[in-house]
Amino acid sequence: MKILCFLVIVFLSTPYLHAQNNLGPRLSAMADNGAAVNDIWAIQANPAGITFLDHPAISLNYVKHLLSDEISSQGIVGVIPFKNNYVGASFQRYGFSVYNESKIGFAYAKSFGEKLSLGLNGNYHQLKIDNYGASTGFSIDFGVLYHFDDHFSIGAFTNNPSKQKFNSQLISAKIPTSFNLGASYLATNKVLIATTVTKIINQSIDVKLGIEYKIVDLLSLRGGISAKPFKQSVGFGLNYKQFLVDMATNYDANLGYAPQIAIGYAF
C-alpha cells in the first residue's frame with residue numbers, strides 16, 4: 001500500500017513517466033553518460049554508440065530499487081553488425097505487480113568511415129496500472145556520434161522529439177522528450193572521462209560527469225555524479241574473453257540506492 005500511494009503521488013505531481021531509461025551498469029556507474037560513450041547499452045540512449053561492435057553481442061540487466069522490495073527493472077539488448085551497418089533490439093521493464101512500464105525498441109545505426117556514426121531507434125511503450133487498464137505509445141530516438149581522433153569524441157541524441165503521448169484517456173502520462181549533448185575524452189589508455197548535458201522538457205537542465213579507470217584488462221572501476229537530480233554512482237566491470245559482467249549502484253536522495261548487474265556475451 002505504501003508503494004501504491006507513492007506511485008499515485010508521482011502521477012498526480014507530473015504527467016511524465018518517472019522510470020529512468022535503463023542504460024546498463026557501465027553507463028549508469030558513469031552517471032548515465034550515454035551521449036558520447038561507445039557501449040551496447042547506448043542503444044537505449046544514443047543509438048549511434050553501438051557502432052563500435054565487431055561481432056554480435058547481447059547483454060541482460062537487472063536493477064533492484066531499494067525503495068521497496070517489490071520494485072525492480074529488467075532489460076536486455078542485442079546488436080548484430082554487418083559491414084558498416086548495425087541492427088539492434090532492446091527490451092526493458094520497470095515496476096511491480098500492480099504498476100509496470102515496458103518498452104521494446106528496434107535500432108539501426110550506420111558508420112561513415114572511422115569518424116561519423118548515425119543511429120535511429122523506434123520504441124513501442126506500454127503502461128499498465130491496476131484498475132486503470134493499459135495504454136500504449138510510440139516514440140523515435142535519434143543520435144549522432146563523431147570521433148575527432150582516438151581520444152576525443154562528441155555525441156548528441158534526442159529521445160521522442162515529436163513529443164508522442166500515450167493513447168489512453170484514462171492514463172494521462174506522457175513519454176518524456178529529452179535533448180542531450182555530450183563528450184568523452186580518453187585521457188590515457190586506462191582513463192576515460194565523459195560528460196553530458198541533458199534537458200528534459202519541463203525539467204531542469206542536468207549536467208553529468210563520469211569516469212572509468214581500467215586497472216587491468218580484466219577489471220575496470222567507474223564513478224559518476226549528476227546535478228539535477230543530484231545522484232552519485234559507482235561500479236565496476238569484469239571482462240574475461242567474450243564474457244562481460246558489470247555491476248553498479250546509484251544513490252538518489254529521494255529514492256535511495258538502486259544496485260544493478262548485467263551479464264554480456266560477444267559472439
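View 1. In E2, Leu60 has Ile76 as its bridge partner. This is a predicted model, in which local features need pLDDT of at least 70 and side-chain atom pairs count only at pLDDT 80 or more, while totals for chains, interfaces and linings use all residues. Residues are numbered from 1 along each chain as its sequence is written, and side-chain values use heavy atoms, with hydrogens and water left out. Strands here are DSSP runs of E with at least two residues, numbered from the N terminus, and two of them pair if DSSP finds at least two bridges between them. E1 pairs with strand E2 (residues 72-82) in the antiparallel sense over 8 bridges. E1 also runs antiparallel to E14, joined by 7 bridges, and there Ile58 stands opposite Tyr265.

**View 2. The two faces of E1.** In a regular strand, side chains alternate between the two faces of the sheet. For E1, the covered face holds Ala57, Ser59, Asn61 and Val63, and the uncovered face holds Ile58, Leu60, Tyr62 and Lys64.

View 3. Strand E3 (residues 85-96) pairs antiparallel with strand E4 (residues 99-112) through 12 bridges, with Val87 opposite Tyr108 in E4. The hairpin of E3 and E4 has 2 residues between the strands. Next, E4 pairs antiparallel with strand E5 (residues 116-129) over 14 bridges, and Tyr99 has Ile129 in E5 as its bridge partner. In this hairpin of E4 and E5, 3 residues lie between the strands, and Gly113 takes a positive phi near 75°.

View 4. Ring pairs (Phe, Tyr and the six-membered ring of Trp, centres within 6.5 Å) link Tyr146, Phe148 and Phe152 into a cluster. The whole structure has 6 aromatic pairs. Elsewhere, the charged end of Lys110 sits over the ring of Phe112, 5.8 Å from its centre; the criterion is NZ of Lys or CZ of Arg within 6 Å of the ring centre and within 35 degrees of the ring normal.

**View 5. The second largest pocket.** This pocket has about 1400 Å³ of space. A pocket is an open set of points on a 1 Å grid where a 1.4 Å probe fits, with protein on both sides within 12 Å along at least five of seven lines, and lining residues have an atom within 4 Å of a point. Of the 50 lining residues, the closest to the centre are Arg26, Asn38, Asp39, Phe52 and Lys214. E14 gives the largest share of the lining, 4 residues.

Definitions and conventions. Grid points are joined across faces, edges and corners, and a volume is the space filled by probe spheres set on the points. Buried means under 20% relative accessible area, exposed over 50%, partly exposed in between (1.4 Å probe, protein chains only). Rings of Phe, Tyr and Trp (its six-membered ring) pair if their centres lie within 6.5 Å; planes under 30 degrees apart count as stacked, over 60 as edge-to-face and the rest as tilted.
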